[in-house]
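Student: Could we go through this model together, taking each structural term and setting it against its definition?

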Amino acid sequence: MKRTLVIGASEKPERYSNKAIRKLRAYGHEVVALAARPGQVEDVIFETEKKAFQGIHTVSVYLGPQNQDAFIDYIIGLNPERVIFNPGTENPEFRESLRKAGILPEEACTLVLLGTGQY
């Protein structure tokens, strides 16, 4: 299973980050989450500060490009294998920074990847 960091987590059930956390857990993936405010989805308690998580395979981004700058160095420092830019989060500059760091940027939807067995 792939340890996944969801950035931009929300307790609101209609938000895609919330749906992604639920589906990742349903598929047996370990999930850690980072959010602007404290919260929880199922057994995943949101962190509100950037922690040095270990063993992150995938980062799933649910922040618009205008809110990503503060996370670029942090995500690169976690050294995940890939970063998924979910619809609406695409960021060419961030993508290029990841490539230069040897991290695979992927413009995709975490929910679709899970549902189609491509996660």
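Predicted model: local features only at pLDDT ≥ 70, side-chain atom pairs only at ≥ 80, totals over all residues.

Student: What makes F85 count as buried?

Tutor: Buried means under 20% relative accessible area, exposed over 50%, and partly exposed in between, with a 1.4 Å probe and protein chains only. F85 has a relative accessibility of 1%, so F85 counts as buried.

Student: How do you know which strands pair with β6?

Tutor: Strands are DSSP runs of E with at least two residues, helices are runs of H or I with at least four, and both are numbered from the N terminus. Two strands pair if DSSP finds at least two bridges between them. Strand β5 (residues 58–61) is joined to β6 by four bridges and runs parallel to it, with V59 opposite V83. On β6 and strand β7 (residues 104–107) there are also four bridges in the parallel sense, and here I84 stands opposite E106.

Student: Why is β7 called an edge strand?

Tutor: The seven strands form an open sheet of mixed pairing, in the order β3-β4-β2-β1-β5-β6-β7. β3 (40–41) and β7 stand at the edges because each has a single partner strand, so one side of each is left without a neighbour in the sheet.

Student: What is the handedness of the unit made by β5, helix α2 (residues 72–78) and β6?

Tutor: A crossover is right-handed if, with the strands pointing away from the viewer, the path from the first strand over the helix to the second runs clockwise. The β-α-β unit of β5, α2 and β6 is right-handed. The crossover from β6 through helix α3 (residues 92–100) to β7 is right-handed as well.

Student: Why is the aromatic pair of F85 and F94 called edge-to-face?

Tutor: Rings of Phe, Tyr and Trp (its six-membered ring) pair if their centres lie within 6.5 Å, and planes under 30 degrees apart count as stacked, over 60 as edge-to-face and the rest as tilted. By this rule the count comes to one aromatic pair. F85 and F94 lie 5.2 Å apart, centre to centre, with 85° between the planes, and the pair is edge-to-face. F94 has a relative accessible area of 1%, so F94 is buried.

Student: Is N79 buried or exposed, and how do you know?

Tutor: N79 has a relative accessible area of 54%, so N79 is exposed. N79 is found in the loop between α2 and β6, and has a positive phi of about 55° although it is not a glycine. Most residues other than glycine have a negative phi.

Student: What makes E42 partly exposed?

Tutor: E42 has a relative accessibility of 43%, so E42 counts as partly exposed. E42 sits in the loop between β3 and β4 (44–47), and its phi is near 55°, a positive value in a residue other than glycine.

Definitions and conventions
Residues numbered from 1 in each chain as written. Heavy atoms only, no water.
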